[in-house]
Amino acid sequence: MSETETTTELVASKGVVVIADYRLLDADGACLEQSEASNPMVYLHGYQNLMSGLESALEGKKAGDNVSVTLPPEQSYGLRRDNAVERIPVKYLIKPPKKLQPGMRVQVNTKSGPRDATVVKAGRFNVDIDGNHPYAGKSITFELKITRIREATRDEISHGHPHGPDGTAGHHH
């Protein structure tokens, strides 16, 4: 059996790696982001690598299938939290640009690891950041085209996530 025959017979189910091109759309149909051919979405099905509503919509699909699903904020990037804006010293930013400006996405060093945030106001020594995800509070439509499905490697199953489209992306834990 050729590799093409194998991948077309597999369906999205626990323990397979799904590779897909995607677009994220807001409620007005504007594209918020999309994958590039060189950087598709790659996830291990059944291991909580995706939002549950999105993974459910992909269950049983095969390579070549198109899937469109709209998720409310509670099932996607969450509701906006008013208490997510805080002032922190600039030194807690990971690799900050020389000129911080409102709207920039940054990473903050926290006790529980790096966290994404958006700059609200930048000063010389402190920065006001918003810890909400940029899509928080929005209903999001995910449009996906499954390009390939493959069996996960033993390492991917034991680690609980994929190691790239081919299972060889030098992940060392």
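## A sheet, a tyrosine pair and some well-placed side chains

Lys-14 lies over the face of Tyr-47, at 4.8 Å from the ring centre; a charge counts as sitting over a ring if NZ of Lys or CZ of Arg is within 6 Å of the ring centre and within 35 degrees of the ring normal. Before you read on, please note that this is a predicted model, in which local features need pLDDT of at least 70 and side-chain atom pairs count only at pLDDT 80 or more, while totals for chains, interfaces and linings use all residues. Residues are numbered from 1 along each chain as its sequence is written, and side-chain values use heavy atoms, with hydrogens and water left out.

**The open sheet**

- Five strands make up an open, antiparallel sheet, running in the order β5-β9-β8-β7-β6. Strands (E, at least two residues) and helices (H or I, at least four) are DSSP runs, numbered from the N terminus, and two strands pair if DSSP finds at least two bridges between them.
- The edges belong to β5 (85-89) and β6 (93-94), each with a single partner strand, so one side of each has no neighbour in the sheet.
- Five bridges join β5 to β9 (residues 126-130) in the antiparallel sense; among them, Val-85 has Asp-130 of β9 as its bridge partner.

**The aromatic pair**

- A search of the whole structure turns up one aromatic pair. Its ring centres are 5.4 Å apart and the planes of Tyr-77 and Tyr-135 stand at 80°, so the pair is edge-to-face. For such pairs, the rings of Phe, Tyr and Trp (its six-membered ring) need centres within 6.5 Å; planes under 30 degrees apart count as stacked, over 60 as edge-to-face and the rest as tilted.
- Tyr-77 sits in the loop between β4 (66-71) and β5, and Tyr-135 in the loop between β9 and β10 (140-151), so the pair ties together parts that are 58 residues apart in sequence.
- Tyr-77 is partly exposed, at 23% relative accessible area, whereas Tyr-135 is buried, at 10%. Here buried means under 20% relative accessible area, exposed over 50% and partly exposed in between (1.4 Å probe, protein chains only).

- Tyr-43, in strand β3, is buried at 2% relative accessibility.
- Beyond its neighbours within four places in sequence, Tyr-43 is in contact with residues including Ala-12, Val-16, Leu-58 and Pro-162; contact means heavy atoms within 4.5 Å.
- The side chains of Tyr-43 and His-45 make a polar contact at 2.7 Å. That term covers a pair of N or O atoms within 3.5 Å; within protein, one must be able to donate a hydrogen and the other to accept it, and residues adjacent in sequence count only if both atoms are side-chain atoms.
- Although 106 residues separate Tyr-43 from Ile-149 in sequence, their C-alpha atoms are 9.9 Å apart.
- Ser-35 belongs to the loop between β2 (31-34) and β3 (41-44) and is buried, with a relative accessible area of 13%.
- The Ser-35 side chain reaches the backbone nitrogen of Tyr-22 at 2.9 Å. Outside four places in sequence, Ser-35 touches Ala-20, Asp-21, Tyr-22 and Pro-40.

**Positive phi values**

- Most residues other than glycine have a negative phi.
- Gln-48 has a positive phi near 55°; this residue is in the loop between β3 and α2 (52-58) and is exposed at 76% relative accessibility.
- Lys-95, with a positive phi of about 45°, lies in the loop between β6 and β7 (105-110) and is exposed at 79%.
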